Amino acid sequence: MSARSELESIKAELASIINELEDIAAGVRSDFQGVGSEYCAQALEETADGYRKAKRYLEQINAGYDEIRADTDSASSGGR
């Protein structure tokens, strides 16, 4: 598996985890009552936010990789 495809796989898995956490948080809010349920839902959303930050960081790495690749391709073709 290439580094690029592995990065894409990780980003897809992070997106899946984020969606699951959001679904669980929504379920906790709607299915349970009390102060603890709101705290639990909030903690799940904060965890999802952390995964979103990680995913954005990986997207920046991916964009940087694309930029380097374009520069390398341009240089190897003589700037054409």
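Contact means that heavy atoms lie within 4.5 Å of each other. The structure is a predicted model, in which local features need pLDDT of at least 70 and side-chain atom pairs count only at pLDDT 80 or more, while totals for chains, interfaces and linings use all residues. Residues are numbered from 1 along each chain as its sequence is written, and side-chain values use heavy atoms, with hydrogens and water left out.

View 1. Helices (H or I, at least four residues) are DSSP runs, numbered from the N terminus. Helix H2 comprises 42 residues and reaches 62 Å from its first C-alpha to its last, close to the 62 Å expected at 1.5 Å a residue; the expected span is 1.5 Å times one less than the number of residues. The buried residues of H2 are Ser37, Ala41, Leu44, Ala48, Leu58 and Asn62. Here, buried means under 20% relative accessible area, exposed over 50%, and partly exposed in between (1.4 Å probe, protein chains only). Helix H1 (3–31) is included in what covers these buried residues.

**View 2. The surroundings of Ser37.** Ser37 belongs to helix H2 (residues 35–76). With a relative accessible area of 12%, Ser37 is buried. Leaving aside its neighbours within four places in sequence, Ser37 is in contact with Val28 and Phe32. Val28, with the corresponding neighbours left aside, is in contact with Ser37, Cys40, Ala41 and Leu44.

**View 3. The largest nonpolar core.** A nonpolar core is a set of buried Ala, Val, Leu, Ile, Met, Phe, Trp, Tyr and Cys residues joined through side-chain atoms within 4.5 Å. The largest one has seven residues: Ile18, Leu21, Ala25, Val28, Ala41, Leu44 and Ala48. The elements that give two or more residues to this core are H1 and H2, and H1 gives the most, with four residues.

**View 4. The packing of H1 against H2.** The two helices, H1 and H2, pack at an angle of about 160°, with their axes 9 Å apart. Axes are lines fitted to C-alpha atoms, for helices over the stretch in contact, and angles run from 0 to 180 degrees between N-to-C directions. H1 and H2 are therefore roughly antiparallel to each other, a term that applies to angles over 145 degrees.

**View 5. Ile61 in helix H2.** Ile61 also lies in helix H2. Its relative accessibility is 39%, so Ile61 counts as partly exposed. The C-alpha atoms of Ile61 and Val28 are separated by 34 Å, and these residues are 33 residues apart along the chain.

Conventions
Parallel < 35°, antiparallel > 145°, perpendicular 65-115°, else oblique.
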